[in-house]
Amino acid sequence: MSPRVTVVVVAYRAHGRLGRCLDALAAQDLPAEHRRVVVVDNASDDGTAEMVETDYPWVDLLRSATNRGFAGGNNLALRANLEPGSARSPYVVLLNDDAVAAPTFLSALLRDLEQSPPDVGALTARILLAERFVPTSPGTPGAVHGPDGWWLPAPDGVAPDSTVRLVNSTGNQVRQDGFGTDRGWLAEATGHQPPRDVFGFCGAAACLRTEALEEVGLFDETFFMYYEDTDLSWRLRLAGWTTRYCAEAVVEHEHSASSGEGSAFFRFHDLRNRLLTVTKNAPAPMVARVVARYCLTTASIAVRRSQPWSSVRLRVRAFASYLVVLPRALRERRRTRRGSAVPRRDVARLLVPVPTRTIGGYRA
């Protein structure tokens with residue numbers, strides 16, 4: 001019997017954190033016969049794969065000979081689910097190796113998606129930061145600032161009922177300048193009740209219809225990691241699929257535990273892949289505007305020396321990499337246009353305005 005859902009967890013050097021993720025999946029209230037869990041090990045060298053084989057024999061392990069990133073790692077499992085003759089499941093759940101799901105996570109996603117209109121191709125979960133916070137004054141060293149105030153990570157020994165939970169994501173948005181953002185980022189969890197409809201899903205915890213993936217294709221492996229979920233969400237929108245937020249499906253997430261937000265690795269892929277996403281999916285005037293702005297900003301930083309020279313070099317390297325893969329991106333753009341059910345300009349109306357003030361500061 002085929003499972004109702006295949007859960008895909010891509011792991012890379014995750015020996016110290018993957019166990020919590022898999023323990024939470026084992027504790028789901030969805031019957032075991034209705035779910036299959038697949039761990040894709042991205043050539044870890046810390047014993048991650050061996051730990052899964054020894055401690056979690058109920059998990060299907062796929063070993064990649066190389067680190068294929070988030071996009072390629074997920075595609076290994078997603079492609080296997082689409083193969084003729086496979087024990088194909090109608091739904092697939094993506095879950096980060098540093099995410100811990102509540103016991104009702106899977107059942108909430110399946111119940112919601114099975115009751116949703118047929119054009120809902122994906123559900124994005126309620127992703128909360130695993131760390132707890134306490135309120136503080138503006139500008140406090142080490143504090144983060146969200147839409148509801150300023151917060152400090154809770155010191156050891158503080159009672160949980162004296163702390164607050166902050167939102168990591170309730171889905172992906174794209175701004176009118178091409179930047180992808182997590183909806184609800186750093187909002188106080190108890191007060192954040194956004195609309196169900198959202199531009200796209202967050203790949204850290206989401207459920208997708210296999211039928212939708214069959215139509216629009218899998219992740220673009222050129223991205224390696226970052227913006228690949230935004231790109232796929234945009235392609236779903238162009239094909240006529242929609243994405244909804246499922247507030248009942250909750251996970252706790254150790255944000256950027258595997259790659260480090262603010263690292264050169266993160267910034268390179270973030271910069272390049274934003275340009276790729278816009279180039280593949282946005283209306284032509286927006287593509288020209290975003291690319292031109294990138295070049296002007298890079299030149300301004302270099303001339304004014306407003307940032308370290310290493311930042312300029314990184315931006316130049318990211319743009320050079322973008323130019324290398326640009327011909328492929330343009331081919332994908334043409335292919336997507338031929339299969340589009342919704343004009344690009346109509347999808348672009350879903351983009352959100354650029355905020356007048358910034359929020360952030362968390363592990364930047």
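# Buried, exposed, paired: how do we know?

Visitor: What makes Arg328 count as partly exposed?
Guide: In this predicted model, Arg328 has a relative accessibility of 35%. Buried means under 20% and exposed means over 50%, so Arg328, in between at 35%, counts as partly exposed.

Visitor: And how do you know whether Asp220 is buried or exposed?
Guide: Set its value against the cut-off: Asp220 has a relative accessible area of 6%. Buried means under 20%, so Asp220 is buried.

Visitor: Why is the meeting of Asp220 and Arg328 called a salt bridge?
Guide: Their side chains meet at 3.0 Å, N to O. A salt bridge needs a side-chain nitrogen of Lys or Arg within 4 Å of a carboxyl oxygen of Asp or Glu, so this pair passes. Asp220 lies in the loop between helix 5 (210-216) and helix 6 (228-238), while Arg328 is in helix 9 (residues 309-338), so the pair ties together parts that are 108 residues apart in sequence.

Visitor: What makes Asp97 and Arg17 a salt bridge?
Guide: Here the N to O distance is 3.1 Å. Asp97 sits in the loop between strand 4 (91-96) and strand 5 (99-101), and Arg17 in the loop between strand 1 (5-11) and helix 1 (18-26), so parts that are 80 residues apart in sequence are tied together. Both partners, Asp97 and Arg17, are buried.

Visitor: How do you know whether Arg349 is buried or exposed?
Guide: Arg349 has a relative accessible area of 60%. Exposed means over 50%, so Arg349 is exposed. Its side chain meets that of Asp346 in a salt bridge at 2.2 Å, N to O. Asp346, at 28%, counts as partly exposed.

Visitor: Which residues touch the most other members of the largest nonpolar core?
Guide: Leu18, Leu22, Leu25, Leu95 and Phe105 do, in a core of 38 residues. Helix 4 (residues 105-115) gives the most to this core, with six residues. Another core, of 27 residues, lies apart from it and includes Val40, Ala71, Tyr226 and Phe266.

Visitor: What is Leu25 in contact with, leaving aside neighbours within four places in sequence?
Guide: Its partners are Val7, Val9, Arg35, Val37, Trp58, Leu95 and Leu106.

Notes:
Residues numbered from 1 in each chain as written. Predicted model: local features only at pLDDT ≥ 70, side-chain atom pairs only at ≥ 80, totals over all residues. Heavy atoms only, no water. Core = buried A, V, L, I, M, F, W, Y, C linked by side-chain atoms within 4.5 Å. Buried < 20%, exposed > 50% of the residue type's maximum accessible area, 1.4 Å probe, protein only. Helix = DSSP H or I, 4+ residues; strand = E, 2+ residues; numbered from the N terminus. Contact = heavy atoms within 4.5 Å.
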